[in-house]
Amino acid sequence: MPETHLLVVDDDTELRNLLGDYLRKNGYRVSLAANGLEMQSFLAEQAIDLIVLDLMLPGDDGLVLCRNLRAHSNIPVIMLTARGDETDRIVGLEMGADDYMPKPFNPRELLARIKSVLRRVQASPDTPEPINSRHLYFAHWQLDTVSRNLLTKDGLVVALSGAEYRLLKVFLDHANRILSREQLLDLTLGKEADPFDRSIDVQISRLRQRLGDNAKEPVIIKTVRSEGYILSTEVGMQP
Amino acid sequence: MPRTLFGRMFSILLLGLFMAQAFNRSIHQYQHHKSAIQTGQIQAAQRVADLIRLMSALTPETKQAIAAQFNGPMLRILPSKPSAASHRNGEHYNPRIKIFSSTLHVLLADQPPVSIVINETSPQKLSLNVQLRDGTALAMETDLTSLGEEEPPLWLHHLIVLIVISAFSFVAVNWVSRPLQALANAAEELGRDIHIPPLDEDGGPIEVMRATRAFNSMQARLIRHIKDRTQLLAAISHDLKTPITRLRLRTELLGNSDIQARFQHDLDEMESMVMVTLDFMRGVDQQEPFQPVDMMTLLESIQADAQEMGGAIDIHGTMQSPYLGKPTALKRCITNLVDNALKYGQCASLLVEDSADCCTLRIVDQGAGIPSDQLENVLLPYYRLESSRNRDTGGTGLGLSIAQDIAQVHGGNLSLNNLPNGGLEAVLTLPRVDQREPV
């Protein structure tokens, strides 16, 4: 299997070099670019698997670069920003970034996100991309991915715990696909699945309760016997 | 119309005074008029009484001669004719000539004639048919100097004056004080929301306009000042984020896992200080709309999050209806209080009380509480108790300040009490009244 090739685009030389060292240490092939022009020339010459793109760059900033890239390429992008504003996150996601890391980030978390994005792309190149939008609509619910709250049709805010949100987001990203307990554990917590771990079932029942889904006859999150669970509803950007 | 507050007040006083004077004058005239009527009637009665006395004392021949002489404008003797209404006893006189008749009665009390019949021939004239004691019938006519219409009673006058002047004062004083009222309201509102739209500087008296302009420019300066400070802090923390990120990467590249762990601990602390400070400086998100929030799910989500981190929270009570608030801010506020209870008080009980106009959350722990003289200070930004200054607890001293800010944005309040049996109680009151329209 060929080495995965990452491109780090950041104008801070020190940070760029450190990121390069760290990612190389974790088994990736890494190229470094200081700005959009260098990034373009790398992309023209080499096959890049994933771009770690800083939002604040001299010249064209990360958002512009990401939008231009999306016009002709599906290379996954993880956006780095120091602002941590929610608006950045919204705009970043809508410009086509696959994930978003606010600085200062934990390098291990960046590594986990890189792995998760790569796995998503490599494992299922044919399946539709998850929808990147602030508001996701499914069944009679609306999920605000920024405030991480559910909204009913009448606009009532129903709060979700962190675990409930992560689980729901995984289902929404993989709508109408069967997810095994192992996959769910891996996608929500990055944990290796323990065959006797029933914690995911507890979380599913909590989430069903939140969604008003009857545990005996669920319509939103259905149980697929001996396989796992499936979100059996359409997910869209509009109600 | 005068442009100054002084001018307006002065003209209102002047106008009020003038109106009162005018009314007084009309009352005076009314009374004067009334006394003129009385005098006219008394004088007429005097004349008639004198004549009756005179005629009674005369012989029939002289009566004729004298009667012919009484032909003046004020009193005339008419050719005698028998009275058709001779039975009338003169008791039920028209009230308008009450004074005349009663005076006549008194003047003739010692030798009253057999009968007197008074008829009002016109508003100014009375005709009298008198039968003297010697049997002579006498018809006469007298003029009343003035016999005006009966005026309404005095208290009605007073009432009308009172109502008219009160209404005038109400309208006028309201007109003068309205701009001031608006200014006072805006000043009050500014404490809650610095970003209220500036006041209208046109209209109102000059003094108020000047105060309004000063108020608006003060608000603008305050906003600029806050913005500058926020920008400064944002710039500093932005600049800190990159070195922290670099340090994190360097730490990961270190071989020694013991040192790595210690570095990571310090970095976590630095990061949380930077993030919380930024959070606090940004203040409660102005953009977040007020939305109806299912508070019970909010509390349960906080409970679940705490459970994930190993903290135990129990929830008692329930909410009757959704609360109109900023969901993310409310969650942060309650999370801060719960985190505090878990950190210093080992466990947290959430007691929910709900009513039509207020929902109250009590977060109770079983810790040592806070010295009573420090209860208010701990709500101040960056204030930490001596005992918790110890780095291991990792508090930033902003959690409670942020919680209080959020309570105030909702028109509510946060207060801390020590419980008699030990432990601290944080009381978060969130009024339902005066809530903003959902966006």
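Contact here means heavy atoms within 4.5 Å.

**View 1. The interface of chain B and chain A in the predicted model.** By that criterion, 32 residues of chain B touch 33 residues of chain A. About 2800 Å² is buried between chain B and chain A, and carbon and sulfur atoms give 57% of this area. On the chain B side, the residues that lose the most area to chain A are B:L249, B:E252 and B:L253. Together these three residues make up 21% of what the chain B side buries.

**View 2. Polar and charged pairs between chain B and chain A.** Five salt bridges are found across the interface. One of the salt bridges across the view joins A:R166 and B:E308, with 2.7 Å between the closest N and O atoms. Residue pairs in polar contact between chain B and chain A, both residues at pLDDT 80 or more, number 11. On the side of chain B that touches chain A, two or more residues each come from α5 (206–253), α6 (257–282), β5 (291–294), α7 (295–308) and α8 (327–345) of chain B. The element that gives the most to this side is α5(B), with 11 residues. By residue class, the side of chain B that touches chain A holds 12 charged, 10 polar and 10 nonpolar residues.

**View 3. Strand pairing between β9 of chain A and β5 of chain B.** Strand β9 of chain A covers residues 157–159. Two bridges link β9(A) to β5(B), and the pairing is parallel. A:V157 has B:V293 in β5(B) as its bridge partner. The strand β5(B) is also among the elements that give two or more residues to the side of chain B that touches chain A.

**View 4. The hairpin of β10 and β11 in chain A.** Strand β10 (residues 221–224) and strand β11 (residues 228–231) of chain A run antiparallel and are joined by four bridges. Three residues lie between β10(A) and β11(A). In the turn, A:S226 has a positive phi of about 60°.

**View 5. A:G236 in strand β12 of chain A.** Strand β12 of chain A consists of residues 235–236 and includes A:G236. A:G236 counts as buried because its relative accessibility is 18%, and the cut-off for buried is under 20%. The C-alpha atom of A:G236 is 9.5 Å from that of A:L172, although the two residues are 64 residues apart along the chain.

Key
Residues are numbered from 1 along each chain as its sequence is written. Chains are lettered from A and ligands numbered from 1 in the order in which they are written. This is a predicted model: local features need pLDDT of at least 70, side-chain atom pairs count only at pLDDT 80 or more; totals for chains, interfaces and linings use all residues. Side-chain values use heavy atoms; hydrogens and water are left out. Buried area is the accessible area (1.4 Å probe) that two parts lose on being put together, summed over both. A salt bridge is a side-chain nitrogen of Lys or Arg within 4 Å of a carboxyl oxygen of Asp or Glu. A polar contact is a pair of N or O atoms within 3.5 Å; within protein, one must be able to donate a hydrogen and the other to accept it, and residues adjacent in sequence count only if both atoms are side-chain atoms. Ala, Val, Leu, Ile, Met, Phe, Trp, Tyr, Cys and Pro count as nonpolar, Asp, Glu, Lys and Arg as charged, and the others, Gly among them, as polar. Two strands pair if DSSP finds at least two bridges between them. Buried means under 20% relative accessible area, exposed over 50%, partly exposed in between (1.4 Å probe, protein chains only).
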